[in-house]
Amino acid sequence: MVMPATRASSGKVEKQNPGQLNSVQLNIVTLVDMEKATEHKSLAGAMYMVDNSVGGSGQGTARLETVCKPGQVLNWIIRPIDMERRRDGTWPPMPKINNIVFLDVEAGDEEDVAEKKVCVELKIYGAPDRMRDDLTPVYYYWAGTVLPSLRPGTYRYRLVVELEQEDKKERLYLNTEGHPSIRVIPV
């Protein structure tokens, strides 16, 4: 049941539950062209980000801006562009988010790690823990909750991405280029 807004004595429309946040989780999906990224040892031009937030910018680029609210859950999902089983029965290499690092943009140096927390419970929650099959999508994901007390503003971050390489045991570790961000709006 949706509760209607109420009209205060001042004539302004007020929310029925002004402190209640939208419970919708936001998904930030990163697609990686594994062949291009491993060949060039760079995510430049090989990584595309999209989300389901309203009002953000940079869809399909590495400079995605996700609009969110304090207390909202963010899910960072990463997967290769090519996820289909090959004719020989093998699977293509997989990307994995190894870490999400928020940056200290207030200090003017976007490479320094932020001293203040932006999200709580920010860690990996999902991974391919069973054999892939044709009906089960498999990907790695992280989740975190935007601090309920976080002041409105833009918070840039970088993903540290781990890439499997074709026919190699060693993994390739790359940082995102063109830092994505979250824009926290007031509630």
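**Salt bridges and burial in a predicted model**

In this predicted model, a salt bridge joins the side chains of Glu 65 and Arg 183, with an N to O distance of 3.2 Å. The two partners come from distant parts of the chain, Glu 65 lying in strand β5 (residues 65-68) and Arg 183 in strand β12 (residues 181-184), 118 residues apart.

Q: Why is the contact between Glu 65 and Arg 183 called a salt bridge?
A: The N to O distance between the side chains of Glu 65 and Arg 183 is 3.2 Å, and the definition asks for a side-chain nitrogen of Lys or Arg within 4 Å of a carboxyl oxygen of Asp or Glu, so the pair qualifies.

Q: What makes Glu 65 count as buried or exposed?
A: Glu 65 has a relative accessibility of 15%, and because buried means under 20%, Glu 65 is classed as buried.

Q: Why is the pair of Lys 123 and Glu 121 called a salt bridge?
A: The side chains of Lys 123 and Glu 121 meet at 3.7 Å, N to O, and the limit is within 4 Å, so this contact also meets the definition. Lys 123, at 39% relative accessibility, counts as partly exposed.

Q: What is noted about the backbone of Glu 121, and where does this residue lie?
A: Phi of Glu 121 is near 55°, a positive value in a residue other than glycine, and Glu 121 is placed in strand β8 (residues 119-126). Lys 41 has a positive phi too, near 50°, but its place is in the loop between α1 (34-40) and β4 (47-51).

Q: Why is Lys 41 called partly exposed?
A: The relative accessible area of Lys 41 is 48%, and because exposed requires over 50% and buried under 20%, the residue is assigned to the class in between.

Q: What makes Glu 164 and Arg 171 a salt bridge, and which residues form a network with this bridge?
A: The side chains of Glu 164 and Arg 171 are 3.4 Å apart, N to O, and the cut-off is within 4 Å, so the contact is counted. Glu 162, Glu 164 and Arg 171 are linked in a network of salt bridges. Glu 164, at 25%, and Arg 171, at 38%, are each partly exposed.

Q: How many salt bridges does a search of the whole structure find?
A: The search finds four.

Definitions and conventions:
Residues numbered from 1 in each chain as written. Predicted model: local features only at pLDDT ≥ 70, side-chain atom pairs only at ≥ 80, totals over all residues. Heavy atoms only, no water. Helix = DSSP H or I, 4+ residues; strand = E, 2+ residues; numbered from the N terminus. Buried < 20%, exposed > 50% of the residue type's maximum accessible area, 1.4 Å probe, protein only.
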